[in-house]
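Q: Could you walk me through this model, starting with the ligand and then moving on to the core?

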Amino acid sequence: MINDKLKEEIQRRRTFAIISHPDAGKTTLTEKFLLYGGAIQAAGAVKGKASDRHAVSDWMDLEKQRGISITSSVLQFEYKGMCINILDTPGHQDFSEDTYRTLMAADSAVMVIDAAKGIEPQTRKLFKVCAMRDIPIFTFINKMDREARDPFDLLDELEHEFGIGTYPMNWPIGSGHDFKGVYDRELRAILAFSDSHRGRERLNAIKCEMTDTDKLDELIGEKLRTRLNEEVELVEGASFDFDLDAVRHGKLSPVFFGSALNNFGIESFLESFLRMTTPPLPRVAGEEEIDPFSEDFSAFVFKIQANMNKAHRDRIAFMRICSGRFDRNSEYYHVQGGRSLRLSQPQQMMAQEREVIDEAYAGDIIGVFDPGIFSIGDTVCSKNHKIRFEGIPTFAPEHFAMVEQVDSMKRKQFAKGMTQIAQEGAIQIFFEPNSGMERVIVGAVGVLQFEVLDYRIKNEYGCDLRRMPLPYQQIRWIKDQSLDPKTLKLSHDTKWVQDVKGRNLLIFTSPWSIKWILDDNPGLELEEFSRNS
Ligand code: G4P
């Protein structure tokens, strides 16, 4: 029965994003997942060694740049009968709005934290976006084989900074040279660590019951055993109760300690994670809740990758399938374009390879050829059941510049280029009220996006532009759009601008100016994200 196959396929899908600050170990952890899934033979295959990684100077080589983000966008692999989609959230220089938008396609997130550092700026930003959707967040505290911060401190930081509960699934025994393994709270036993494998193979931790004192002393020594007993007692007494429902609503984060490089704690993490997460959940479209198991296909575009091939100005639109089954030969309905279409050259990333596919299911991510018709947030669905998913929010840019064209004869090309690049979502453009297209304010999440903009406007649209940095760092949309911004009391370091949809917003030079404006204008409500529809 087709229906049974559909159910079965969707039931076994898990789609999650990995979030972290650069260098916490996201790539290493992903590699180990693939290793367990049998998708790669040896670690070190996801991306090259640090020395091969692309330096800043390479970044203007856009082909290479796009190559990187394409292959690392999404990976699919099988593990014990499950079909797992991992969404990568690029960091380093390519941190951009795309990084945030990718989180819209995930059903849960794995947050990797460096045990010596705790929460870092990029973790903080990505967490906020996950929290906005209440998706489950699983924390992996990595690099326990190095000197680490006190585990209680780390949990405390997560709870206080992020306002979530934490539930340690295991508890570390020492760290750095003294790292001896973890106490597994479910098994009520320790899993002892040996670094002899250096992570090349699957590691079978040595299991030992807590009651077996002699063996414990042999494995971790009397001093660490005594400390472990005390700490476990504290953890059992003081930590939150385990509550699967709270986990699934992003209110309680299960925390795992381990070492990705040494392959320690990865398999138990993966298994617990798969047990606690659910298959794709319903998504909202207007008043309707779309059942992922429904036979009607639906998907939304969360990322557009421009000009993969210089010869043709083509783009790839990445879609998250929300319900049903995608069939390469069927016609679907593009809601925003108001017409039926076949999605051409559908492809998926299987470990390293990009392959053209014939079918895919709810939970999967597919990339399709885009002749320039899709925008971020668009819905594609079955012709029999037309729906429209809620748009993807616009994320707050943190860098601003004033951009003007140099040659006034090229007004048209400049306007077209700026509009198209903004429509792809690579930059955001803003206007001073009542101004035209000759001078625009550009906002970007990552500063590299400005360089990409200069390059593309010159190479694709033949215009030179003049770009002057602006001191603004924060942006807030005015909640009540019927309010006349001229009536607001604004300080000299705050500017009123409008987005492409004519919505009023304010840009600020510091978080303090936001506070002053709110204090000076009682009743004013500001929003960090702008909901698109
Ligand atoms: P990222 O994707 O989050 O940026 O981090 P990545 O996995 O690239 O890891 C960053 C560095 O941390 C790498 O070292 C990696 O080997 C190391 N690392 C990851 N997990 C662990 C761990 O559990 N323990 C220890 N001690 N190190 C870990 P690198 O020297 O920058 O690169 P490489 O030459 O090892 O590839």
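**Ligand and core**

A: In this predicted model, an oxygen atom of the ligand is 3.4 Å from a polar backbone atom of Ala24, where a polar contact is a pair of N or O atoms within 3.5 Å. Local features need pLDDT of at least 70 and side-chain atom pairs pLDDT 80 or more, while totals for chains, interfaces and linings use all residues. Residues are numbered from 1 along each chain as its sequence is written, and side-chain values use heavy atoms, without hydrogens and water.

Q: How far is the ligand oxygen from the side chain of Thr28?

A: An N or O atom in the Thr28 side chain lies 2.5 Å from an oxygen atom of the ligand, and for Lys26 a backbone N or O atom is 2.8 Å from a ligand oxygen.

Q: And how much of the ligand does the protein cover?

A: The protein covers 80% of the 710 Å² of accessible area that the ligand has on its own, by the Shrake-Rupley method with a 1.4 Å probe.

Q: Switching topic, which residues have the most contacts inside the largest nonpolar core?

A: They are Ile190, Phe257, Met319, Phe326, Leu343 and Phe374, in a core of 85 residues; such a core joins buried Ala, Val, Leu, Ile, Met, Phe, Trp, Tyr and Cys residues through side-chain atoms within 4.5 Å, buried being under 20% relative accessible area (1.4 Å probe, protein chains only).

Q: What does Leu343 touch?

A: Leaving aside neighbours within four places in sequence, Leu343 is in contact (heavy atoms within 4.5 Å) with residues including Met319, Phe326 and Phe374.

Definitions and conventions
Buried means under 20% relative accessible area, exposed over 50%, partly exposed in between (1.4 Å probe, protein chains only). A polar contact is a pair of N or O atoms within 3.5 Å; within protein, one must be able to donate a hydrogen and the other to accept it, and residues adjacent in sequence count only if both atoms are side-chain atoms.
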